[in-house]
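I opened the notebook with two topics to look up: the contact between the chains, then the ligand site.

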Amino acid sequence: MLEIKDLHASIDGTEILKGINLTINPGEVHAIMGPNGAGKSTLSAVLAGNEGYEVTQGTITFEGEDLLEMAVEDRARAGLLMGFQYPVEIPGVKNVYLLKAALNAQREARGEGEIPAPEFMKLVREKLAYMKMDNSFLQRAVNEGFSGGEKKRNEILQMLVLQPKLALLDEIDSGLDIDAMKVVSQGVNSLRSEDRSILMVTHYQRLLNHIEPDVVHILMDGRVVKSGDKTLATEVEDRGYDWLTEGSVA
Amino acid sequence: MASEEMEQLVRREYTQGFVTDIESDTAPPGLNEDTIAFISKKKEEPQWMLDWRLEAFEQWKKMSEPDWSHLDYPPIDYQAISYFSAPKKPEDRPQSLDEVDPKLLETYEKLGIPLHERAALAGVAVDAVFDSVSVTTTFKDKLAEAGVIFCSISEAIREHPELVKQYLGTVVSRGDNFFAALNSAVFTDGSFVYVPEGVECPMELSTYFRINAANTGQFERTLIICDKQAQVSYLEGCTAPQRDENQLHAAVVELVALDDAYIKYSTVQNWYPGDEDGKGGIYNFVTKRGDCRGDRSKISWTQVETGSAITWKYPSCLLRGDDSVGEFYSVAVTNGRQQADTGTKMIHIGKNTKSTIVSKGIAAGRSDQAYRGLVKILPRAENARNFTQCDSLLIGDQCGAHTFPYQEISNSKSMVEHEATTSKIGEDQLFYCQSRGINEEDAVNMIVNGFCKDVFQELPMEFAVEAEALLSVTLEGSVG
Ligand SMILES: Nc1ncnc2c1ncn2[C@@H]1O[C@H](COP(=O)(O)OP(=O)(O)OP(=O)(O)O)[C@@H](O)[C@H]1O
Ligand SMILES: [Mg+2]
């Protein structure tokens with residue numbers, strides 16, 4: 001599905017990612033943890049194609065294709081979708097309109113026609129109910145005035161409608177109350193399937209109780225310093241990150 | 001080549017020899033009493049109208065062009081302009097769409113202009129535009145039934161002199177400003193609407209205009225009167241890019257609303273903005289003013305401006321009647337080398353008068369625009385209220401937007417609110433949309449249309465859809 005090899009990336013001349021290696025197979029759920037400023041969001045941004053970051057070395061292959069050669073929208077159309085840590089507000093643009101435009105853009109890329117309006121509405125209503133959001137969210141402007149938790153739900157709603165092959169979730173759990181955490185996790189879990197993968201960034205073991213990862217990576221100072229199964233997350237929760245650097249220095 | 005030059009030479013001599021020849025279709029360049037008499041005679045006007053024009057001309061001669069705007073353009077030689085020219089003869093026009101610039105046709109297609117209208121807009125010599133003829137007739141019948149008068153201003157001067165005399169120049173006086181004085185002296189075209197007491201005009205005055213838009217004049221004069229409790233929605237212009245050989249346009253629009261009357265005036269204007277360097281674009285200097293003369297009357301201006309090389313335009317409201325309401329909703333888009341200086345004036349005279357101003361400016365390319373708004377509250381205007389919101393969106397970093405709000409408040413029991421923002425189209429908004437699979441151009445359109453939503457929703461439905469399409473065509477290629 002995704003293969004990252006020796007990825008180096010910098011912003012404004014400062015190197016943030018310093019040689020990342022990561023392979024995600026179809027059906028797998030990977031979690032990335034690590035201290036603030038380690039480069040987790042940077043990694044998601046580079047994967048999504050944010051032009052603010054310069055890739056100076058390394059390769060990323062997505063479904064056999066050179067991801068770094070693809071435009072932002074083409075990555076999304078190929079099935080890589082990013083759930084943002086801080087989703088932006090777009091005044092005046094209805095949420096339902098963005099959803100429809102996005103879905104149709106992807107369908108077009110796949111050579112399918114536009115989705116008929118009734119079919120689309122049925123689909124969206126169903127997913128909306130799943131995310132326990134009421135219909136008024138469709139008519140509101142994208143993320144405008146949404147609470148922190150509502151924004152996160154809205155990100156997952158988009159995932160449910162767009163059905164990506166690889167979902168990137170950056171701190172989808174931050175700012176969620178306990179009930180919202182359940183709803184969001186349920187949403188993410190419903191995406192799990194043999195041919196779909198998930199890469200999620202989080203600070204807390206708690207999310208991983210809801211969405212069980214197959215692999216956990218610890219990212220520190222631009223490198224993956226350790227990978228393991230879900231018990232690694234518990235270990236980090238107990239011991240913090242320091243022991244990992246000490247280990248690598250020694 | 002040679003024969004074409006010869007022909008032009010001949011034609012020029014021909015016209016120049018016609019200073020007073022009433023048989024001619026075109027007045028020679030220049031402006032004097034003779035020119036005005038020529039126009040008036042051509043239009044078969046009564047003496048009082050000619051006198052009115054001549055007085056305007058006297059005033060104009062004493063005035064000078066305003067220089068306070070934020071615009072930069074070479075001086076206009078008013079003696080080099082021809083003030084009356086009949087429309088091109090059919091044989092001089094393209095004979096079919098095959099002869100029309102394919103780029104223009106492409107734009108029509110993108111805008112979704114119906115096929116039969118494309119020809120008329122492109123200036124093709126179509127005899128009897130099948131649909132439009134029948135449309136026009138049924139249209140006229142229906143209006144006559146309701147007692148609504150809707151005709152050209154020239155026809156109104158001949159057929160309804162009492163109404164014209166009573167109202168013409170009472171909202172925009174002849175000496176109001178340089179361009180209004182010029183228009184008063186030489187106007188040749190425009191429309192007249194009178195809606196009698198208690199009548200709600202049975203249709204939006206639009207279809208007819210779209211079809212005839214290709215023939216709009218250089219110095220239009222429009223006069224709309226809504227009698228007590230009457231209502232009308234008037235649509236001006238069209239979304240198709242209009243070319244015109246006349247570079248200078250100076251229209252005057254006067255609206256009069258009596259007690260409890262409501263006039264809604266919507267404009268979608270897309271004059272040719274000129275080539276990449278702004279060459280050949282239209283200069284549009286317009287005076288538009290509505291007079292809420294009666295109590296509880298309401299006038300609402302909605303405009304979407306995307307064209308012209310230069311725009312100078314401030315649709316305004318005089319809120320004279322108690323409890324009267326004035327509204328101004330505007331989207332102005334400039335791209336390339338376009339310049340626009342627009343805004344509005346809300347003059348609160350009566351008690352409990354209310355005004356709302358929503359202005360959205362979008363600047364792209366190397367264009368420059370200014371919003372200029374005056375809210376004036378006179379001493380008698382107790383409990384007057386104004387709300388102004390004026391937002392600018394910049395696309396790229398070579399364009400500019402400026403805001404000049406003026407307030408003159410002479411009544412302490414009034415309330416004025418002003419909000420203004422200027423933002424660059426957000427890289428992060430674009431990225432967000434693109435990361436959902438939407439391409440950059442569609443993303444820009446989506447964000448810009450969202451920005452304009454408050455204004456678009458004021459437009460009549462069919463116009464709103466066109467306006468959105470227009471915006472995307474105008475901003476094509478402005479990013480990336
Ligand atoms: N324009 C910039 N110039 C220099 N450094 C930058 C710039 N933008 C971001 N950084 C740095 O890049 C580093 C990685 O940031 P990133 O957002 O990827 O961290 P993170 O792992 O997601 O952290 P958090 O857990 O706080 O979300 C940080 O140290 C940040 O300060
Ligand atoms: Mg982060």
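This is a predicted model: local features need pLDDT of at least 70, side-chain atom pairs count only at pLDDT 80 or more; totals for chains, interfaces and linings use all residues.

**Entry 1: the interface**

How many salt bridges does the rule find across the interface of chain A and chain B? I got 1 salt bridge. Arg436(B) pairs with Glu155(A), and their closest N and O atoms are 2.9 Å apart. I then listed polar contacts across the interface and got 9 residue pairs.

Next I looked up which elements of chain A touch chain B. Helix 2 (72-77), strand 6 (80-83), strand 7 (90-94), helix 3 (95-109) and helix 6 (148-162) of chain A each give two or more residues. Helix 3 of chain A has the largest share, 6 residues. By class I found 18 nonpolar, 7 polar and 4 charged residues on this side of chain A.

I took the area next. Chain A and chain B bury about 1800 Å² between them, 67% of it on carbon and sulfur atoms. Glu73(A), Phe84(A) and Val88(A) supply 26% of the area that chain A buries against chain B, more than any other three residues.

**Entry 2: ligand 1**

I found 15 residues around ligand 1, with Gly37(A), Lys40(A), Ser41(A), Thr42(A) and His203(A) the closest. Helix 1 of chain A gives the most to this shell, 3 residues. The shell divides into 4 nonpolar, 8 polar and 3 charged residues.

I checked distances to oxygen atoms of ligand 1. A side-chain N or O atom of His203(A) is at 2.8 Å. For Gly37(A), a backbone N or O atom is at 2.9 Å. For Glu171(A), a side-chain N or O atom is at 3.2 Å. Alone, ligand 1 exposes 650 Å², and the protein buries 63% of that.

Note on methods
Residues are numbered from 1 along each chain as its sequence is written. Chains are lettered from A and ligands numbered from 1 in the order in which they are written. Side-chain values use heavy atoms; hydrogens and water are left out. Buried area is the accessible area (1.4 Å probe) that two parts lose on being put together, summed over both. A salt bridge is a side-chain nitrogen of Lys or Arg within 4 Å of a carboxyl oxygen of Asp or Glu. A polar contact is a pair of N or O atoms within 3.5 Å; within protein, one must be able to donate a hydrogen and the other to accept it, and residues adjacent in sequence count only if both atoms are side-chain atoms. Helices (H or I, at least four residues) and strands (E, at least two) are DSSP runs, numbered from the N terminus. Ala, Val, Leu, Ile, Met, Phe, Trp, Tyr, Cys and Pro count as nonpolar, Asp, Glu, Lys and Arg as charged, and the others, Gly among them, as polar. A residue is near a molecule or strand if one of its heavy atoms lies within 4 Å of it. Accessible areas come from the Shrake-Rupley method with a 1.4 Å probe; for residues, only the protein chains shown count as cover.
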